[in-house]
Amino acid sequence: MTTPTPSTPYVANKPKDVPSAEALRARIPGWGVDLDPKDRPSYPREVFDPAGTGAHWDYPEEQPGREGRERSIEHGQLTPVFGTSAPLHGVSGSIRRYAYRYSEGRAAHWLLLLAGDRVDAWGAHLWSLASLRPDNPVTQTGVLSEVRRQGITSRFGKKRADVNHLWLDPVVVAGPWVAAAAGAVVVVRAAVRRAR
Amino acid sequence: MKAMVYRGPYKIRVEEKPMPTIEHPNDAIIRVTTAAICGSDLHLYHGLMPDTRVGTTFGHEFIGVVEEVGPSVRNLTRGDRVMVPFNVYCGSCYFCARGLYSNCHNVNPNATAVGGIYGYSHTCGGYDGGQAEFVRVPFADVGPTIIPDWMDSEDAVLLTDALATGYFGAQLGDIVEGDTVVVFGAGPVGLFAAKSAWLMGAGRVIVIDHLEYRLEKARVFAQAETFNFAEYDDIIVEMKKTTDHLGADVVIDAVGAEADGSFLQQVTGTKLKLQGGSPVALNWAIDSVRKGGTVAVVGAYGPIFSAVKFGDALNKGLTLRMNQTPVKRQWPRLFEHIRNGYLKPSDIVTHRIPLEHIAEGYHLFSSKLDGCIKPLIIADAG
């Protein structure tokens with residue numbers, strides 16, 4: 001019985017079974033055109049060139065509307081420019097503003113922001129029910145594309161790894177509403193019992 | 001104007017919103033002609049990104065026509081056809097001055113760990129995005145570029161993120177001639193990373209995913225070898241076998257926060273949001289790269305902790321390289337590659353959806369239906 005010859009990585013220098021540069025160049029248009037790191041635009045990673053960005057200021061003029069704008073406490077100041085989409089409001093706004101008391105290094109910061117997100121969404125759904133345009137779970141989830149875009153044939157019989165947790169999506173989307181409804185029923189029944 | 005609006009996890013709709021206005025002297029208002037849904041938009045859509053507020057408009061991949069400019073804008077005029085990098089950046093802070101445009105310190109008051117990104121939650125600055133008829137673009141003299149006449153619109157919109165990010169991911173790998181490069185993820189960024197790895201001299205390029213139609217695209221578009229991880233008991237062992245048990249020289253994580261392959265990671269990372277995403281692809285990258293190799297990460301993760309196998313990365317002596325892409329730095333070279341015919345980004349576009357139907361577009365892309373790889377949003381379809 002013979003012992004097979006050890007190969008890389010158990011010995012140092014077995015060459016890799018890689019096609020030649022000529023063969024690769026013939027097969028792949030553009031093969032190796034960026035082989036020299038100097039031809040790669042993010043090499044080196046940092047290049048000091050403040051004149052090359054298009055900025056014609058040392059420090060940008062400050063955008064108005066700075067009062068009350070929430071910011072990370074890791075910042076030394078409010079940034080000169082910021083987004084103004086969806087300002088803080090209501091209960092979710094209070095939760096989020098509280099979250100900004102914690103640095104980005106604290107789990108409390110992010111978990112409070114996520115809590116604020118959920119409260120924001122639930123509140124928006126409830127408010128919409130009293131509006132002229134209530135939320136529509138059919139159109140807003142795009143679920144009709146399941147019918148129009150081969151929902152079944154796209155998924156099944158394809159060895160897709162995501163099929164095993166597909167059932168969780170409706171739970172994630174509808175679960176909080178079902179839980180809230182069940183909670184409301186429990187509360188109402190308890191109140192009725194107490195009233196009797 | 002009409003705009004896509006977030007209503008809560010898995011729910012969006014098109015609403016009438018007020019027109020954006022010039023809020024800073026170097027702002028521009030862009031009339032969006034084409035936008036795209038990015039895989040990272042799905043993290044917002046699924047409620048993974050903290051401080052994603054009801055009423056915000058997503059969309060960080062878009063091109064359009066300049067509608068209005070602020071009083072200090074010098075480089076753009078009304079009517080210019082422009083492409084806008086997904087980064088909002090000032091061009092003058094410590095980081096921008098060194099080319100780290102994605103790490104700008106002057107545009108995102110909500111966080112210091114990330115720069116500004118259009119339509120990507122308040123954690124990324126609270127800017128509305130381009131899945132709308134109009135969008136505010138800060139620092140119009142810094143970010144946007146006039147689209148060359150010869151460039152196709154669909155190629156241009158893919159340059160604003162997906163192509164630039166795939167190409168940047170390959171650069172982060174520090175590929176040398178003959179390297180074996182493994183790319184996790186055959187979505188748009190993974191396909192572009194695989195294609196770019198060849199330009200940098202890779203000797204083998206291997207793409208891994210579980211969606212057979214995307215792997216077929218990787219074989220045809222990126223001339224890559226492919227592995228469907230769902231067909232193997234252990235994809236790491238397969239990667240070792242196919243590299244003579246050495247491991248790949250470079251592995252690129254082009255998946256990010258919603259990676260499949262582990263039920264536990266999926267549930268804790270993406271469904272219960274107890275992690276900053278499901279780091280399956282990152283862990284597989286750490287395990288399948290060779291000792292002393294490089295793992296490049298361009299897949300997006302949330303800011304919360306994730307269960308990453310850091311001990312293996314240490315013990316293997318790995319180099320981990322990552323960042324959000326400084327998009328505009330990539331453009332001159334990518335323009336050359338497109339013009340020379342080495343890259344044709346629009347080949348990966350599978351769906352063109354009117355803004356009115358964007359909710360179905362999100363579901364289609366999120367659920368990977370109908371062979372979807374890259375959906376574009378046509379804002380001016382009417």
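I began at B:H245, which is partly exposed, with 14 other C-beta atoms within 10 Å. For my own use, a residue is buried if 20 or more other C-beta atoms lie within 10 Å of its own, exposed if 12 or fewer, and partly exposed in between, with C-beta atoms placed from the backbone. A word on the source: this is a predicted model, local features need pLDDT of at least 70, side-chain atom pairs count only at pLDDT 80 or more, and totals for chains, interfaces and linings use all residues. Residues are numbered from 1 along each chain as its sequence is written, while chains are lettered from A and ligands numbered from 1 in the order in which they are written.

I found B:H245 in the loop between α6 (235-242) and β13 (248-253) of chain B. Helices (H or I, at least four residues) and strands (E, at least two) are DSSP runs here, numbered from the N terminus.

I then turned to B:D174, which is not a glycine either but has a positive phi of about 50°. B:D174 sits in the loop between α3 (162-172) and β10 (180-184) of chain B. I noted B:D174 as partly exposed, with 18 other C-beta atoms within 10 Å. A reminder to myself: most residues other than glycine have a negative phi, and most peptide bonds are trans.

**Cis peptides in chain A**

Which residues does a cis peptide bond with omega of about 10° join? I found A:T8 and A:P9, and A:P9 lies in the segment before α1 (21-27) of chain A. The bond from A:Y43 to A:P44 is also cis, with omega near -10°. I placed A:P44 in the loop between α1 and α2 (90-99) of chain A.

**Helix α7 of chain B**

Which residues of α7 (263-271) of chain B are buried? I listed B:Q265, B:Q266, B:G269 and B:T270. Seen down the axis of α7(B), these buried residues fall within an arc of 100°, so they line one face of the helix; the arc is that of the directions from the helix axis to the C-beta atoms. They pack against α8 (280-288) of chain B. After α7(B) comes B:K273, whose phi is positive, near 60°.

**A β-α-β unit**

I followed β14(B), helix α9 (310-315) and β15(B), which make a right-handed β-α-β unit. Right-handed means that, with the strands pointing away from the viewer, the path from the first strand over the helix to the second runs clockwise. Strands β14 (289-297) and β15 (319-322) of chain B run parallel and are joined by four bridges; two strands pair if DSSP finds at least two bridges between them. B:A296 stands opposite B:R321 of β15(B).

**Chain B as a whole**

I noted 11 helices and 17 strands in chain B. Its radius of gyration is 20 Å, close to the 21 Å that the globule rule gives for 382 residues, so chain B is as compact as a globular protein of that length. The radius is taken over C-alpha atoms, and the rule is 2.2 Å times the number of residues to the power 0.38. I also wrote down that buried residues make up 68% of the 382 residues in chain B.

Definitions and conventions
Two residues are in contact if their C-beta atoms, placed from the backbone, lie within 7 Å.
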